[in-house]
Amino acid sequence: MQPVFRFAPSPNGYLHLGHAYSALTDYSLCQAAGGRFLLRIEDIDGIRCRPEYEAAIYEDLAWLGLTWEIPVRRQSEHMAEYAAALARLTAMGLIYPAFLSRAEIATAADGRDPDGAPLYPATDRGLSPAAGDARIASGAPYALRLQMDRAIAAAGPTTWREGNDVIAADPAAWGDVIIARKETPTSYHLSVVVDDAAQGVTHVVRGRDLYHATSVHVLLQRLLGLPSPVYDHHRLILDANGRKLSKSDRDTSLRSLREAGKTPSDVRAMVGL
């Protein structure tokens with residue numbers, strides 16, 4: 001079977017040197033494996049994602065010398081697929097509506113997830129379906145969360161392949177993660193596993209900052225009966241202060257570097273390739 005790789009940026013800002021490193025690393029590994037290279041636009045955030053940023057993604061990647069298969073998958077065009085996956089998880093009794101605000105979560109949290117965010121307390125787990133439906137009908141803000149202990153019990157032990165290694169997943173570290181929100185029927189965690197399966201992705205190459213999130217992804221893959229790709233979490237490109245680059249930092253954007261006269265070869269040298 002021919003390997004399938006994908007690069008999946010969000011059009012919520014201009015690509016920077018970190019994205020260049022990830023895309024170039026991904027593309028190089030794909031070519032070495034004789035694989036197919038896909039581009040996916042992860043635009044489920046209808047507020048922050050903008051058409052001009054999406055257009056810039058195509059321009060920046062083409063400038064770097066990358067080519068990809070057409071058509072490009074845009075997440076905003078596949079909400080029905082995410083809703084169907086959510087419905088399956090709901091039918092399994094694994095989803096519940098959660099109503100606490102961020103401030104309330106921070107006050108009641110018992111620990112933090114791998115990203116440093118407060119873990120959601122069990123406050124809303126005990127709500128009856130009728131009570132939850134009534135609060136939703138009243139217009140209250142809510143998120144749909146995965147009841148993690150039930151999900152782990154249903155899935156059993158999960159692992160993923162990281163190159164030649166087998167990694168034991170630890171989804172419990174994330175607590176009851178958000179699977180969908182009031183304003184959209186999906187989340188990054190849900191949409192990415194549905195997309196990878198729909199596109200036949202066999203190899204996921206992405207930054208080390210998403211290493212721990214893979215535990216949630218392989219759990220959802222097991223619950224939904226989806227295949228698990230091979231993962232490769234590469235090093236991050238950091239700023240002068242040792243922080244991960246941000247799309248708000250104009251100095252490292254590919255657009256700004258190009259306007260300043262830098263070449264794709266310069267970019268490769270700047271990221272150590």
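Mentor: Helices are DSSP runs of H or I with at least four residues and strands are runs of E with at least two, numbered from the N terminus. The model is predicted, so local features need pLDDT of at least 70 and side-chain atom pairs pLDDT 80 or more, whereas totals for chains, interfaces and linings use all residues. Residues are numbered from 1 along each chain as its sequence is written, and side-chain values use heavy atoms, without hydrogens and water.

Trainee: What span does helix 2 reach from its first C-alpha to its last?

Mentor: The expected span is 1.5 Å times one less than the number of residues. Helix 2 (residues 51–64) has 14 residues and reaches 20 Å, close to the 20 Å expected. Just after helix 2, G65 takes a positive phi of about 100 degrees.

Trainee: Which residues of helix 2 are buried?

Mentor: An α-helix has 3.6 residues a turn, so residues three or four places apart point the same way. Buried means under 20% relative accessible area (1.4 Å probe, protein chains only). In helix 2, Y53, E54, A56, I57, D60, L61 and L64 are buried. They line one face of the helix, because their directions from the axis to the C-beta atoms fall within an arc of 160 degrees.

Trainee: What covers the buried residues of helix 2?

Mentor: Contact means heavy atoms within 4.5 Å. The cover includes strand 1 (4–7), helix 1 (17–32), strand 2 (36–41), strand 3 (73–74), helix 9 (254–259) and helix 10 (264–270).

Note on methods
Buried means under 20% relative accessible area, exposed over 50%, partly exposed in between (1.4 Å probe, protein chains only).
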